[in-house]
Amino acid sequence: MTSAATVGDLVSQPYKYGFVTDIETEKIAKGLSEDVVRLISAKKDEPAFLLDFRLRAYRQWLQMEEPDWAAIGHPPIDYQNIIYYAAPKQQDKKASLDEVDPKLLETFEKLGIPLSEQKRLTNVAVDAVFDSVSIATTYKEKLAEHGVIFCSISEAVKEHAELIERYLGSVVPSNDNYFAALNSAVFSDGSFVFIPKGVACPMDLSTYFRINSGDTGQFERTLIVAEAGASVSYLEGCTAPMFDTNQLHAAVVELVTLEDASIKYSTVQNWYAGDEKGVGGIYNFVTKRGQCRGDRSHISWTQVETGSAITWKYPSCVLQGADSVGEFYSVALTNNRQQADTGSKMIHVGPRTRSTIVSKGISAGHSSNSYRGLVQMGPKAVGARNYSQCDSMLIGDQAAANTYPYIRSQQPDASIEHEASTCRISADQLFYLQSRGIGFEEAVSMMVSGFCRDVFNQLPMEFAAEADKLLALKLEGSVG
Amino acid sequence: MIRSDAPVLLEIRDLRASVEDQPILKGVSLTIRAGEIHAVMGRNGSGKSTLSKVLAGHPAYRVTGGSVLYRGEDLLALQPEQRARIGLFLGFQYPIEIPGVSNLEFLRVATNARRQEQGSEELDTFAFEDLVRERLQVVQMDPAFLDRSVNEGFSGGEKKRNEILQMALLEPLVAILDETDSGLDIDALRIVAGGVNQLASADNATLLITHYQRLLDVITPDYVHVMAAGRILRTGGKELALELEESGYDWVDAEIERLESTSAQRITAEVG
């Protein structure tokens, strides 16, 4: 049978971003202790409030246990065998790109993220994070003219301490969960975005995360605040080299919208996923949450999750303001031995709040792909509405798909709708398309992108095509 | 239309095929020339649908012997998509639903794959829309079906019209229509058959796979072949179909029995 073998081969395209940049790196010793937390804070020359925040988180973390409710399995993580801080050796952050180590610029160029003036992505400002530090942020001055702050979180700690103190940890408290506590204790860098009142950010903002060192964890922290009437579209991309060890990535992202503000947050996650036997790959334990504090504010998460050995991630919205809107659009693709447990939480607090969840899971190879989501209607959420749609597509006969929707309602006048479906790319469908002259790979990618269309439509234009290609690439060789 | 000097489009010789190691085709031979309409008739399980799938390259069927030449080229060596691109078409008995894939886009990609093979220019969205609107008339299909997912939620009749629409766009040289009449009411049958008749020309050929005479009332075959137990038992003109309609398939059973016993005897003889 041609298709059994060929659809299987389709998924396993070699990982394009698996190279390592040979660069001198400053690393601290492996292991985690209060001293390490103090050391990280000292390296970053942080104010006292932040050291306190970190230490409090660290002590809370010590009291907590790694969650075990997700449908994932992995050998125990040895938290003492991880390096918590690694930075390419260059003193401080450079004022100008000319001073940045050319090897770093080259790395990002290779990843398709040119940072130099001439080649920059038009109309997208980029913050490039390499291991534990941000190395460059483009278009900063242009954004500053509009009052928009876009910089690394380390810089923000120094230059906008009052904003950081006010908002950091206000959406995801340091003791929110095990991985959030760990991140709060040791986070090294990430991006900070502040859009002042009434400003529509003149360009898309983007952070590109690159893990380079082999035994390092990446713990980035992103904070985006949109004041009343402000709006921004933000995109996050990630890759890592191929190592045969597992690396921990535990990020926290916090979004805050005040009245009438809107944040659109898109992720294309392509961390190294491990090989076909499940050796190596990133353990991706991420806490992402947005809080619609103001009335009529709007937070939208779009994610395309294709990488990582393990994905554990539930971008959520707390809908506090009356008439606020939360959205979650997700495509999660797993292949080989990848495991994903991902979904969203929509916490309806305010009246007439609305939320939409559209989740598309594609499982190929021997992978496991679970949707896990919570829709909660609080006692004051009069007239609130949620619509959830969770679709799974199975490729081959070795993959698993699960859906765990949790619904809690304390408000009789709230409506919740949930739809779910499972389908399979069948040999008959493939044969039908082939019998019309459409090649095997194109047939698979037509069906997969058709399946994901509702989500891809939510991505910023230039990334939608990227995502389509990425999925086709990831599926190369997998359909059976 | 039979012309003995017309080029041979499809030459099937002693074709044998199995599914899951179960032999289904046990030596089928058939020659189809340009301009001809052939009908293969037979009861369920006679192997007639298998014949159509083997010709189109369905991966579940394994060819165990014989050969098929398509305009002199070894058809069985080609992937299904390549067979389609060079002009072989299979109209499905049960057209497959493909959710999420737009029918219009599907038709365009398929048409362009065929055009590319023929060295014609690929059609962009606009040029293709013009073409597809014109071809819709062949099967009197509502353009609204273009905006839906491929066959999804189509009624039986709509699916069959969509098949013939594809045929009208791909302009195959050999069209195999597997039980195109099944599940059609009399009006839909007339429309679908009308489409097939419009598309038939001196340059192409049609192979109808059918159970009943009623399709052959509206599409007149040049040859009728009766298939049973994986073989063609008899070949004749259109009157053979009428004869079958009257006398039924009972004589077929006797014939099969005779064939099986002779081959059993032969095997015994060979072994002995």
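Student: Why are H9(A) and H10(A) called oblique to each other?

Tutor: Their axes cross at roughly 120° and come within 9 Å. Angles under 35 degrees count as roughly parallel, over 145 as roughly antiparallel, 65 to 115 as roughly perpendicular and the rest as oblique. The angle falls in the rest, so H9(A) and H10(A) are oblique. The axes are lines fitted to C-alpha atoms, for helices over the stretch in contact, and angles run from 0 to 180 degrees between N-to-C directions. Helices here are DSSP runs of H or I with at least four residues, strands are runs of E with at least two, and both are numbered from the N terminus.

Student: What kind of model is this, and how are residues and chains labelled?

Tutor: This is a predicted model, where local features need pLDDT of at least 70, side-chain atom pairs count only at pLDDT 80 or more, and totals for chains, interfaces and linings use all residues. Residues are numbered from 1 along each chain as its sequence is written, chains are lettered from A and ligands numbered from 1 in the order in which they are written, and side-chain values use heavy atoms, with hydrogens and water left out.

Student: Which residues make the contact of H9(A) with H10(A)?

Tutor: Gln429(A), Leu430(A), Leu433(A) and Gln434(A) of H9(A) meet Phe440(A), Ala443(A), Val444(A) and Met447(A) of H10(A). Contact means heavy atoms within 4.5 Å. The set divides into six nonpolar, two polar and no charged residues. Ala, Val, Leu, Ile, Met, Phe, Trp, Tyr, Cys and Pro count as nonpolar, Asp, Glu, Lys and Arg as charged, and the others, Gly among them, as polar.

Student: What makes H9(A) largely enclosed?

Tutor: Six of its eight residues are buried, so the rest of the structure largely encloses H9(A). Those buried are Gln429(A), Leu430(A), Phe431(A), Tyr432(A), Leu433(A) and Gln434(A). Buried means under 20% relative accessible area, exposed over 50%, partly exposed in between, with a 1.4 Å probe and protein chains only.

Student: Why is H2(A) called roughly antiparallel to H3(A)?

Tutor: H2 (residues 34-43) and H3 (residues 48-63) of chain A pack at about 155°, with axes 10 Å apart. That angle makes H2(A) roughly antiparallel to H3(A). Their contact holds five nonpolar, one polar and four charged residues.

Student: Is Leu131(B) buried or exposed?

Tutor: Its relative accessible area is 15%, so Leu131(B) is buried. Leu131(B) lies in helix H4 (residues 125-136) of chain B. Beyond neighbours within four places in sequence, Leu131(B) touches Thr111(B), Leu123(B) and Leu169(B). Leu169(B) is 38 residues away in sequence, yet 8.0 Å away in space, C-alpha to C-alpha.

Student: What makes Glu20(B) exposed?

Tutor: The relative accessible area of Glu20(B) is 77%, so this residue is exposed. Glu20(B) sits in the loop between strands S1 (8-19) and S2 (22-33) of chain B. Its phi is near 45°, a positive value in a residue other than glycine.

Student: How do you know that Glu179(B) counts as buried?

Tutor: Its relative accessibility is 6%, so Glu179(B) counts as buried. Glu179(B) is in the loop between strand S9 (174-178) and helix H6 (186-199) of chain B. Phi of Glu179(B) is near 50°, again positive in a residue other than glycine.
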